[in-house]
Amino acid sequence: MVINDAVQLTVTMTLFVVSYVFFRISVFVCFSLIFVAYFATMNIPLSLAAMAIERYIAICNPLRHSQICTVRRTHILIAVIWVAGAVPAITDLFITLATEPVDFFHSSIFCIHSNMFRAPAVYYKGQAFDILYFSFVSLTIIYTYLRIMFVARAATTDRSSAAKARNTILLHGVQLLMCMLTYVRPVLEVALVGAFPKHVLEIRYAYYLVIYILPRFLSPVVYGVRDDKLRKYLKGYFVCKLQRVRPITLLER
């Protein structure tokens, strides 16, 4: 998850900066950047859905957690997620190779997905994959986190622990919802660009912040800052405290 986030942020930032600095770049370079960015972006909601399933097993079936969530099965699941994330980008490549002339691959374009993959079949194929992945991820998240919330509420008599569990679930759910905007981004972008054609760059920049940047900022909050031990050390390093210094007399020396 951390490696995927690092790759996704690095490639998307590179793509964003290169596109606006050089404006037109080689089709081959554009495809390489878009492929990696698209692949890493599609992996994130699938990975979070897998993490939700793992948490569901750990809380709702704790006695079987070690038997179900083995290292070997984890490696297999990671491989399945990466293959599922790569399928949409690979199909885009095959459709483009079959429909575009050879001269197109030796030209330069403004590097966005719609300019790179111009065939109508790519758009309809993307809609089909987005609906399929969005349905799977959203249903998985809703089911697992509702079950986790009910079990956490029933298993504890400490209201503070139950509230902390609900807050963690809420923050994780917000992160997942923001990541799932990946699946509805094309539809919303077409609608907003059609309604505000003079603000295309602003709309794309806002999508970049909301879909690619903000969910990455929520990860430290969900998994790090809210931890009691880590928060204690963060306060010690980053919070300024006024301490009274007692002078030492000559007799004490």
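Visitor: How many disulfides does the structure hold?

Guide: This is a predicted model, and the structure holds one disulfide. The partners are Cys30 and Cys111, whose sulfur atoms lie 2.1 Å apart, and with 95° about the S-S bond the link of Cys30 and Cys111 is right-handed.

Visitor: Which parts of the chain does the pair of Cys30 and Cys111 tie together?

Guide: Cys30 lies in helix α2, whereas Cys111 sits in the loop between β2 (108-109) and α5 (113-116), so the link joins parts that are 81 residues apart in sequence.

Visitor: Are Cys30 and Cys111 buried or exposed?

Guide: The cut-off for buried is under 20% relative accessible area. Cys30, at 0% relative accessibility, therefore counts as buried, and Cys111, at 3%, counts as buried as well. Another cysteine, Cys69, has a relative accessibility of 25% and counts as partly exposed.

Visitor: How should I read the length of helix α2, and what span is expected for it?

Guide: The idea is to set the distance between the end C-alpha atoms against the span expected at 1.5 Å a residue. Helix α2 covers residues 27-60, which makes 34 residues, and it reaches 49 Å from its first C-alpha to its last, close to the expected 50 Å. The same reading can be applied to helix α1 (residues 2-22), whose 21 residues should span 30 Å and whose end C-alpha atoms are 30 Å apart, in agreement with that expectation.

Visitor: What is found at the start of α2, and what comes just after α1?

Guide: At the start of α2, a side-chain oxygen of Ser26 comes to within 3.3 Å of the backbone nitrogen of Phe28. Just after α1, Phe23 takes a positive phi of about 65°.

Visitor: How many residues of α2 are buried, and which residues are buried in α1?

Guide: Helix α2 is mostly covered, with 24 of its 34 residues buried. The C-alpha atom of Ala52 is separated by 9.8 Å from that of Val137, although the two residues are 85 apart along the chain. In α1, the buried residues include Asn4, Asp5, Gln8, Val11 and Thr12, together with Leu15, Val18 and Ser19. Over the whole chain of 253 residues, 36% count as buried.

Visitor: How is a pair of aromatic rings described, and how many such pairs are found here?

Guide: Two values describe a pair of aromatic rings, namely the distance of the centres and the angle of the planes. A search of the whole structure finds seven aromatic pairs. In one of them, the rings of Phe31 and Phe35 have their centres 5.7 Å apart and their planes at 40°, so this pair is tilted. Phe31 and Phe35 are four residues apart in helix α2, which means that about one helical turn separates them. Phe31 counts as buried at 15% relative accessibility, whereas Phe35, at 24%, counts as partly exposed.

Tyr123 and Tyr124 form an aromatic pair that is edge-to-face, with 5.4 Å from centre to centre and 75° between the planes. Tyr123 has a relative accessibility of 42% and counts as partly exposed, while Tyr124, at 58%, counts as exposed.

Visitor: Which residues do ring pairs link into a cluster?

Guide: The cluster consists of Phe31, Phe35 and Phe117.

Visitor: How many helices and strands does the chain have, and where does UniProt place the feature "transmembrane region"?

Guide: The chain has nine helices and two strands, and from the N terminus on its elements run α-β-α-α-α-β-α-α-α-α-α. The unreviewed UniProt entry places the feature "transmembrane region" at residues 20-41, 76-98, 131-148, 169-185 and 205-225. In the model, residues 76-98 are 100% helix and 0% strand, with end C-alpha atoms 32 Å apart. Residues 131-148 are likewise 100% helix and 0% strand, and their end C-alpha atoms are 25 Å apart.

Visitor: Where in the chain is confidence lowest, and where is it highest?

Guide: The chain averages a pLDDT of 77, and 74% of the residues score at least 70. Confidence is lowest in helix α9 (residues 228-238), at a mean of 66, and highest in helix α4 (residues 71-99), at 89.

Technical notes:
Residues numbered from 1 in each chain as written. Predicted model: local features only at pLDDT ≥ 70, side-chain atom pairs only at ≥ 80, totals over all residues. Heavy atoms only, no water. Expected span 1.5 Å × (residues − 1). Buried < 20%, exposed > 50% of the residue type's maximum accessible area, 1.4 Å probe, protein only. Polar contact = N/O pair within 3.5 Å; in protein donor to acceptor, adjacent residues only side chain to side chain. Phe/Tyr/Trp six-rings, centres within 6.5 Å; stacked < 30°, edge-to-face > 60°. Disulfide = S-S within 2.5 Å. pLDDT = per-residue confidence, 0-100. UniProt positions renumbered as here; feature names shortened; annotations may be inferred.
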